[in-house]
Amino acid sequence: NPQLSLLPGTNRLSIALDADAAPAFLNQSWKGRFALSGSLRYDPARNAIMLADPRVDNLAFDGVDPGRNRQLAKVGSLIAEQLLRDTPLYTFRPEDLHYGGTNFTPTQIVAKATGLVVTFEPVR
């Protein structure tokens, strides 16, 4: 049940998801919801839009006290940073950045309430 949101005030995007966790060392499972956010940046070497600065913004498992949920969110943020930082979200093909005999490059990505705005400029 993913829900994608743009966070214009912070220039980030967020995804909220249902979560099921079943730690191997416990004989129980937890159901809940978590939200992860990150900013976007263009990596010219990979020709890709990358996820930067990922973090867990919210984590709440049903039946787990708020203090424990905060601890789990901190651990989740560390894991998200290690696993998701600089993950390519979209890779441009060379023909995607070529128009009218000119090559272009993304120079800015801004999250607005109405959508993502990507600015392209000619390669010099």
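**Note on helix α1 and the chain around it**

1. In this predicted model, helix α1 covers residues 66-84, which makes 19 residues, and from its first C-alpha to its last it reaches 25 Å, close to the 27 Å expected at 1.5 Å a residue.

2. The buried residues of α1 are N69, A73, S77 and A80, where buried means under 20% relative accessible area. Seen down the axis of α1, these buried residues fall within an arc of 90 degrees, so they line one face of the helix. What covers them includes the strands β3 (30-43) and β4 (48-61), while on the other side of α1 the residues K74, L78, Q82 and L83 are exposed.

3. Both ends of the helix deserve a look. At the start of α1, the backbone nitrogen of G67 has a side-chain oxygen of D65 within 3.0 Å, and just after α1, D86 takes a positive phi of about 60 degrees.

4. Turning to the whole chain, there are 1 helix and 8 strands, and from the N terminus on the elements run β-β-β-β-α-β-β-β-β. The radius of gyration is 18 Å, well over the 14 Å that the globule rule gives for 124 residues, so the chain is more spread out than a compact globule. Along its principal axes, the C-alpha trace spans about 60 × 30 × 20 Å.

5. On burial and surface, buried residues make up 29% of the 124 residues in the chain, and the accessible surface comes to about 8,300 Å², of which carbon and sulfur atoms hold 56%. Among contacts between residues at least 6 apart in sequence, 42% join residues at least 24 apart.

Conventions
Residues numbered from 1 in each chain as written. Predicted model: local features only at pLDDT ≥ 70, side-chain atom pairs only at ≥ 80, totals over all residues. Heavy atoms only, no water. Helix = DSSP H or I, 4+ residues; strand = E, 2+ residues; numbered from the N terminus. Expected span 1.5 Å × (residues − 1). Buried < 20%, exposed > 50% of the residue type's maximum accessible area, 1.4 Å probe, protein only. Arc of directions from axis to C-beta. Contact = heavy atoms within 4.5 Å. Polar contact = N/O pair within 3.5 Å; in protein donor to acceptor, adjacent residues only side chain to side chain. Rg over C-alpha atoms; globule rule 2.2 N^0.38 Å. Areas by Shrake-Rupley, 256 points an atom, 1.4 Å probe, with all protein chains shown as cover.
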